[in-house]
Amino acid sequence: MKPSDDPLDELLDGTDFEILDDTDFEILEGIRAIFGQVDPMPAGLPERVRFSLAMRGLEAEVARLAAEEDSRLVGARGAEQSRTVTFDSTSLTIMIRIDSNKNGTVRIDGWLAPPQRREIELQNPAETLGASSDEQGRFAFADVPQGTARLVVRAAEQDEGGSGSAVVTPAIVL
Amino acid sequence: MMNATAPTGPSDRNARMADLLDAAQGGSEDALGQITAELSPMLWHVARATGLNTDDAEDVVQTVWERLLFHLTDIRFAPALVSWLVVTTRREAWRVRSKGRRQLPAEQEWLTAVPDQAAGTEEQVVLDEQQRALWRAVRQLSEQCQELLRIVAFVPRPDYQSVSAELGMPVGSIGPTRGRCLAKVRALLADELDGRRA
């Protein structure tokens with residue numbers, strides 16, 4: 001086994017498994033082959049699993065759309081659409097304001113309540129954008145393509161596993 | 001003995017699973033789909049090894065994957081994923097079994113699926129001579145050994161250690177003594193070979 005500084009690598013390489021010899025591995029392979037034949041997993045099962053998972057989304061805590069309002073700000077540049085959307089989950093309220101940029105993209109300014117540092121992801125079908133909220137719970141995405149997207153609020157990088165589970169919003173159209 | 005197809009190196013596989021786990025934690029449904037495609041057979045055999053019928057085993061596999069969604073971000077690396085899945089599947093399978101319905105030995109149709117002698121009708125599974133010898137040996141083991149070996153046979157090789165530790169049943173025990181289940185199989189196979197020679 002190659003030496004490693006990382007105890008994790010050692011685990012991953014199964015270092016302690018030197019005690020099984022080739023015959024043991026052959027026996028296990030043989031058992032695998034037999035059970036694979038005499039009692040195979042139903043062929044459609046992975047697909048059914050995949051489907052049911054896709055229906056549920058990836059996160060534990062699902063925020064719901066709590067409020068949405070449109071306002072037209074009439075300024076020097078003419079009519080400009082701004083939209084405010086609020087999501088509620090048991091642990092967090094997420095409010096975002098969506099403003100259109102001149103180049104056809106949108107800008108998103110968000111606030112978390114209660115205010116806290118978190119990693120924020122904006123996921124759309126093509127890519128995932130990242131941002132962090134500050135101590136006041138503020139975050140922003142300056143340049144977001146229009147279309148369907150959802151937000152995922154995760155634990156802040158420095159306190160992994162600490163401040164609460166990830167929260168995911170329903171998809172909205174930007 | 002059996003010719004195993006050469007597995008990809010453990011480190012390659014680990015790196016790939018680690019990447020998939022990362023991506024799934026990042027919200028990639030595709031990565032999660034790949035993980036479920038790769039590991040569902042293992043879950044199936046873990047569930048069936050506890051004696052569940054096929055419908056219940058399917059339900060258990062679904063339930064475990066759904067439950068994983070709630071724990072995905074807690075799982076730090078691939079072997080932890082595999083052992084979490086095995087342990088959760090086993091626990092869930094036993095929970096379903098203990099509800100007391102449909103747990104007749106007769107439901108274990110795979111027990112009778114393999115003829116002891118030559119393969120017969122086309123409905124029956126065709127195993128070669130070596131496989132039949134192995135099957136006869138495995139069938140003589142205690143239920144616990146049969147379950148353990150069935151589970152471990154479907155665990156990716158680099159994850160044997162963490163899984164067998166979780167199950168409290170070392171596959172290859174620590175030190176010079178080989179794990180008793182595998183040792184027993186080897187002894188039975190050796191007996192059979194001697195018997196054939198005699």
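**Confidence, fold, disulfide and cores of a predicted model**

Over residues 1-18 of chain A, pLDDT stays under 50. For this stretch the model has 21 contacts beyond four places in sequence. The structure is a predicted model. Where pLDDT is low, the predicted coordinates should not be read in detail. Chain A as a whole averages a pLDDT of 77. In this chain, 72% of the residues score at least 70.

The secondary structure of chain A was examined next. Three helices and 11 strands were assigned to chain A. Along the sequence, the chain A pattern is α-α-α-β-β-β-β-β-β-β-β-β-β-β.

Burial and surface were then computed for chain A. The chain has 174 residues, and 40% of them are buried. Chain A exposes about 9,300 Å².

One disulfide is present over all chains. The bond lies in chain B, between Cys145(B) and Cys181(B), with an S to S distance of 2.2 Å. The torsion about the S-S bond of Cys145(B) and Cys181(B) is about -80 degrees, so the disulfide is left-handed. The pair links distant parts of the chain, 36 residues apart. Cys145(B) belongs to helix H7 (residues 143-154) of chain B, and Cys181(B) to helix H9 (residues 180-197) of chain B. Both cysteines, Cys145(B) and Cys181(B), are buried.

Nonpolar packing was considered last. In soluble globular proteins, nonpolar side chains tend to be buried together. In this model, the largest nonpolar core has 65 residues. The residues with the most contacts inside this core are Leu39(B), Met42(B), Trp65(B), Leu68(B), Leu81(B) and Leu85(B). Helix H2 (residues 29-49) of chain B gives the most to the core, contributing nine residues. Leu68(B) illustrates the packing. Apart from its neighbours within four places in sequence, Leu68(B) contacts Leu32(B), Ile75(B), Leu81(B), Trp84(B) and Leu85(B). Two of these partners, Leu81(B) and Leu85(B), are also listed among the residues with the most contacts inside the core. A second core is separate and has 23 residues. Among its members are Val85(A), Ile96(A), Leu129(A) and Ile172(A).

Methods: Residues numbered from 1 in each chain as written. Chains lettered and ligands numbered in written order. Predicted model: local features only at pLDDT ≥ 70, side-chain atom pairs only at ≥ 80, totals over all residues. Heavy atoms only, no water. pLDDT = per-residue confidence, 0-100. Contact = heavy atoms within 4.5 Å. Disulfide = S-S within 2.5 Å. Helix = DSSP H or I, 4+ residues; strand = E, 2+ residues; numbered from the N terminus. Buried < 20%, exposed > 50% of the residue type's maximum accessible area, 1.4 Å probe, protein only. Areas by Shrake-Rupley, 256 points an atom, 1.4 Å probe, with all protein chains shown as cover. Core = buried A, V, L, I, M, F, W, Y, C linked by side-chain atoms within 4.5 Å.
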